[in-house]
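Visitor: I have some questions about this model. Can we go through them one at a time?
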Amino acid sequence: FLGIRAFRNAFRAEAPFTFTGTPAEAYAMLDQHALQIVEKESEAKKFNEQEELFELVVSRYVETSDTRTELKLLKNVWDMKALVLGTYESWSPQTWNDIKTEELEDVNKLLLKNLKKMSNETPVIKGWKVYRDIEDEIKNMNIILPMINDLHSNAMRDRHWLALQKVCGQKFVVDERFTLDNLLALGLHNFVDDVQGIVDRAQKELIIEKALTKTETTW
């Protein structure tokens, strides 16, 4: 019937496959598409009834069933994104001294495992931008958390934090008010080698400091 192909094309173009807004906004879009599917299914049913009445071959409108299937998958992907973002938001207020990186890494690995399980069961979602965005979020966190653990080293001195500020191009103070959210805002996953270099240098300098202190004590 008229409009079924346009309906299908509109869904593919307008549904939140590439949307970068909030899950709440995406859910509102999905709800609208769900209503449109119901309307089209109702129209298809009426056409089928007329075909049966006149003893014609009953048409199958795969566009509606395909769209409903994709809508359900897309909703599942957005549920996953909401879970990931919600998890990270719950971590954000943690202050520098309270961040337990190993615990957070375990949770993050579980998130990635669940995401991979979803894509293995329905490989089509791997081609959707929203899926790739979630994957990038989790992988970035997988990079950042071990770096945070390294930065907790007692070898880090003010000069090393100043060096880190230059690398990030941002000023900050690591005190009791410094949170995980503040740290994530630095975008450390973009400076992996630089951060590792600063931590390595700090640890080597600490070894030298201890050796000098021992020598001075001996003498």
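Visitor: Is Glu-121 buried or exposed?
Guide: Glu-121 counts as exposed because its relative accessibility is 54%. Buried means under 20% relative accessible area, exposed over 50%, and partly exposed in between, with a 1.4 Å probe and protein chains only. This is a predicted model, where local features need pLDDT of at least 70 and side-chain atom pairs count only at pLDDT 80 or more, while totals for chains, interfaces and linings use all residues. Residues are numbered from 1 along each chain as its sequence is written, and side-chain values use heavy atoms, with hydrogens and water left out.

Visitor: What does the side chain of Glu-121 meet in a salt bridge?
Guide: The side chain of Lys-117, at 2.8 Å, N to O. A salt bridge here is a side-chain nitrogen of Lys or Arg within 4 Å of a carboxyl oxygen of Asp or Glu.

Visitor: How many salt bridges does the structure hold?
Guide: The structure holds 14. One of them joins Glu-43 and Lys-40, at 3.5 Å from N to O. Both of these residues lie in helix α2, three residues apart, about one turn of the helix.

Visitor: Lys-40: buried or exposed?
Guide: Lys-40 counts as buried, at 15% relative accessibility. Glu-43 is at 30%, so it counts as partly exposed.

Visitor: Which residue meets Arg-159 in a salt bridge?
Guide: Glu-209, with 3.2 Å from N to O. Arg-159 is in helix α6 (residues 158-168) and Glu-209 in helix α8, so the pair ties together parts that are 50 residues apart in sequence. Arg-159 is partly exposed at 41% relative accessibility, and Glu-209 is partly exposed at 30%.

Visitor: Which residues are linked with them in a network?
Guide: The network of salt bridges links Arg-157, Arg-159, Glu-205 and Glu-209.

Visitor: Change of topic. What is the volume of the largest pocket?
Guide: About 220 Å³. On a 1 Å grid over the protein atoms alone, a pocket is an open set of points where a 1.4 Å probe fits, with protein on both sides within 12 Å along at least five of seven lines; lining residues have an atom within 4 Å of a point. The volume is the space filled by probe spheres set on the points, which are joined across faces, edges and corners.

Visitor: Which element gives the largest share of the lining?
Guide: Helix α5, with four residues. The lining of this pocket includes Tyr-88, Asn-140, Asp-181 and His-189. The elements that give two or more residues to it are α3 (62-91), α5 (129-151) and α7 (180-184).

Visitor: How do the lining residues divide?
Guide: Into five nonpolar, three polar and three charged. Ala, Val, Leu, Ile, Met, Phe, Trp, Tyr, Cys and Pro count as nonpolar, Asp, Glu, Lys and Arg as charged, and the others, Gly among them, as polar.

Visitor: And Leu-56, where is its place?
Guide: Leu-56 is in the loop between α2 (23-53) and α3. At 52% relative accessibility, Leu-56 counts as exposed.

Visitor: How far apart are Leu-56 and Ile-198?
Guide: They are 142 residues apart in sequence and 76 Å apart in space, C-alpha to C-alpha. Ile-198 is in helix α8 (residues 192-218) and counts as buried at 4% relative accessibility.
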